[in-house]
Structure formats: structure tokens, C-alpha cells
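Please look over the sequence and the 3D structure shown below before reading on.

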Amino acid sequence: MTEDYFRQTVQERLQDHEQRLRLLEREVRDNTIVVRSARWVAVVVGGSALTMIATLIFEKVSA
């Protein structure tokens with residue numbers, strides 16, 4: 001009985017830790033996607049801002 005109880009307890013804990021690990025892996029994957037998307041948006045917005053500044057400077061120089 002004691003050995004069976006020990007095995008069952010260990011098995012339950014192992015399953016609990018495996019479930020936590022899967023949740024953490026999913027969270028890391030989701031956060032990685034968010035960070036990559038944020039970087040891409042920053043590059044696009046930054047590029048647009050530089051284009052706008054260059055256009056304004058060019059218009060001022062041309063005028």
C-alpha cells in the first residue's frame with residue numbers, strides 16, 4: 001500500500017509538472033510571437049517616420 005501510494009503521488013506530481021511545463025512553453029511561444037510582431041511594427045513605423053522626415057527636409061530645401 002505504501003509503495004503504491006508513493007508511486008501514485010510521484011506520478012501525479014510528474015503529470016502536474018509536465019502540464020505546467022507545457023503551459024510555460026506555450027506562454028514563451030506566444031510572447032515570442034508578440035515580440036517579433038512588435039519589432040516588425042517598430043521597423044515599419046520607424047521607416048515611415050524617416051521617410052516623412054526626409055520628405056519634409058527635401059521640401060524645405062527645394063522651396
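Where is the place of Val 41 in the chain? Val 41 lies in helix α1, which covers residues 2-62, and this should be read with the caution that the model is predicted.

**Overall form**

- The chain contains 1 helix and 0 strands, and its radius of gyration of 27 Å is well over the 11 Å that the globule rule gives for 63 residues, so the chain is more spread out than a compact globule.
- When the C-alpha trace is followed along its principal axes, the chain spans about 90 × 10 × 5 Å.
- Of the 63 residues in the chain, 0% count as buried, a label that is kept for residues with under 20% relative accessible area.

**Charges and salt bridges**

- The chain carries 9 positive and 9 negative side chains, and the centres of these two sets lie 8 Å apart.
- Side chains of opposite charge can pair when their charged atoms come close, and a search of the whole structure finds 2 salt bridges.
- One of these salt bridges joins Glu 3 to Arg 7, with the closest N and O atoms 2.9 Å apart.
- Glu 3 and Arg 7 are separated by about one helical turn, because they stand 4 residues apart in helix α1.
- Arg 7 counts as exposed because its relative accessible area is 52%, and the cut-off for that label is over 50%.
- A salt bridge also forms where the side chains of Asp 16 and Arg 20 meet, at 3.1 Å from N to O, and both of these residues belong to helix α1, where they are 4 residues apart, or about one turn of the helix.
- Asp 16 is partly exposed, with a relative accessibility of 31%, and Arg 20 is likewise partly exposed, with a relative accessible area of 49%.

**A nonpolar patch on the surface**

- Which residues form a nonpolar patch on the surface? The patch is made by Trp 40, Val 41, Val 44 and Val 45, which together have about 400 Å² of accessible area.
- Val 41, a member of this patch, has a relative accessible area of 44% and is therefore partly exposed, since that label applies between the 20% limit for buried and the 50% limit for exposed.

How values were computed
Residues numbered from 1 in each chain as written. Predicted model: local features only at pLDDT ≥ 70, side-chain atom pairs only at ≥ 80, totals over all residues. Heavy atoms only, no water. Patch = residues over 30% accessible without salt bridge, like charges linked within 9 Å, V, L, I, M, F, W, Y side chains within 5 Å. Areas by Shrake-Rupley, 256 points an atom, 1.4 Å probe, with all protein chains shown as cover. Salt bridge = Lys/Arg side-chain N within 4 Å of Asp/Glu carboxyl O. Helix = DSSP H or I, 4+ residues; strand = E, 2+ residues; numbered from the N terminus. Buried < 20%, exposed > 50% of the residue type's maximum accessible area, 1.4 Å probe, protein only. Rg over C-alpha atoms; globule rule 2.2 N^0.38 Å. Lys, Arg positive; Asp, Glu negative; His and termini not counted. Charge placed at Lys NZ, Arg CZ, Asp CG, Glu CD.
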